Amino acid sequence: MSLKRKAADIATDAKKAKPNGSITSFFGAPKPKPNASAPTLKFNKDAWVAKLTDEQKELLKLEIDTLDESWLAHLKDEIVTPQFLDLKRFLKTEIDSGKTVYPPMKDVYSWSRHTPLHSVKAVILGQDPYHGPNQAHGLCFSVRPPTPAPPSLKNIYKGLAVDYPSFKPPPKNGGLLTPWADRGVLLINTVLTVRRGEPNSHKGKGWERLTQKVIDTVAKVRTNGVVFLAWGTPAAGRVNKVNAEKHLILKSVHPSPLSAHGGFFEAGHFKKTNEWLVQRYGKDAEIDWDLNVEPEVAGV
């Protein structure tokens with residue numbers, strides 16, 4: 001099953017649209033497809049690492065080993081700032097003192113490996129990682145099997161079913177979103193780590209500056225345009241400076257049970273994303289929102 005919208009239907013809608021009457025009509029004819037196979041700039045990782053001090057190499061070992069090179073090339077200056085190095089010292093203290101931190105360190109940057117910069121089509125912004133065992137693994141809203149989908153993710157599924165009635169949630173109440181990430185949907189939280197059982201415990205420690213740099217990098221580098229899905233007031237604030245003439249910015253209330261009934265289900269963000277991508281890049285640019293695929297659990 002594919003949850004892409006039929007190209008013929010989209011083309012028909014586009015013909016019916018009046019000037020400035022839809023989210024896609026402004027952009028006119030589709031532009032050439034973006035190059036999704038090559039890094040966006042040349043970067044000699046070994047030479048960069050060689051210039052680091054011994055302390056920087058120790059503090060940044062996680063970034064050196066696990067942050068995808070397409071992102072490292074653009075974030076390398078940010079992660080050597082005093083602010084980020086202080087964040088890494090804080091994380092080291094947390095772990096050395098016996099505190100459990102989620103997600104597991106090897107998964108903190110899994111968003112970068114599943115969705116290299118040059119493959120980004122859409123960005124979904126989360127806030128704080130899940131703070132329970134076997135939940136967070138570096139992609140916002142996503143949980144590892146066999147953990148059941150949390151309430152906000154269940155509401156995301158409901159919103160998808162409004163846009164695409166054929167959508168079926170994953171079997172066994174699953175919540176693994178790696179298929180979306182592998183198809184170009186950047187799933188990133190504002191804060192990338194949390195202490196077990198203590199939501200927002202790593203808020204204000206320095207992650208926000210790095211993840212804002214990630215958002216700004218997407219907006220700057222993906223010059224032909226991507227879709228930003230900002231759910232809730234905090235996420236909306238993160239995309240305030242994104243060029244709305246170049247990119248599509250979709251805002252709504254958060255899918256949390258506390259707010260979803262305020263308009264999330266009717267927002268139509270999943271279909272609007274595909275309509276815009278097709279208008280922008282052509283019929284093969286849609287995102288397949290289907291999650292009924294066999295997960296490669298070892299790689300999540």
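The side chain of Asp288 reaches the backbone nitrogen of Asp290, at 3.0 Å. Let me start there. A caution before I go on: this is a predicted model.

So where is Asp288 in the chain? Look at the segment after helix 12, which runs 269-281. Is Asp288 buried or exposed? Buried means under 20% relative accessible area. Asp288 has 15%, so it counts as buried. Now find Gly184. In sequence, Asp288 and Gly184 are 104 residues apart. In space, their C-alpha atoms are 10.0 Å apart.

Next, Asp128. The UniProt record, an unreviewed entry, carries the annotation "active site" for Asp128. Find strand 2, at 122-126, and helix 8, at 151-163. Asp128 sits in the loop between them. Its relative accessibility is 19%. The cut-off for buried is under 20%, so Asp128 counts as buried.

Which residues does Asp128 touch, leaving aside neighbours within four places in sequence? Asn189, Val191, Thr193, Val194, Pro199 and Asn200. Take Asn200 from that list. The Asp128 side chain reaches the backbone nitrogen of Asn200 at 2.7 Å.

What about charge? Asp128 is buried and has no salt bridge. The nearest side chain of opposite charge belongs to Lys203, 8.4 Å away. A salt bridge needs the charged atoms within 4 Å.

Stay with Asn200 for a moment. Asn200 lies in the loop between strand 4, at 194-195, and helix 10, at 207-221. Its relative accessible area is 44%, so Asn200 is partly exposed. Now check the backbone. Asn200 is not a glycine, yet its phi is positive, about 65 degrees.

Asn134 also has a positive phi, about 55 degrees, and is not a glycine. Where is Asn134? In the loop between strand 2 and helix 8. That loop is where we found Asp128. At 36% relative accessibility, Asn134 is partly exposed.

Last topic: cis peptide bonds. Pro146 is in the loop between strand 2 and helix 8 too. The bond from Pro145 to Pro146 is cis, with omega near 5 degrees. Now move to Tyr102 and Pro103. A cis peptide bond joins them, and omega is about -5 degrees. Pro103 lies in the loop between strand 1, at 101-102, and helix 7, at 110-114.

To close, go back to Asp128. Keep two things in mind: its contact with the backbone nitrogen of Asn200, and its lack of a salt bridge. Thanks.

Conventions:
Residues numbered from 1 in each chain as written. Predicted model: local features only at pLDDT ≥ 70, side-chain atom pairs only at ≥ 80, totals over all residues. Heavy atoms only, no water. UniProt positions renumbered as here; feature names shortened; annotations may be inferred. Helix = DSSP H or I, 4+ residues; strand = E, 2+ residues; numbered from the N terminus. Buried < 20%, exposed > 50% of the residue type's maximum accessible area, 1.4 Å probe, protein only. Contact = heavy atoms within 4.5 Å. Polar contact = N/O pair within 3.5 Å; in protein donor to acceptor, adjacent residues only side chain to side chain. Lys, Arg positive; Asp, Glu negative; His and termini not counted.
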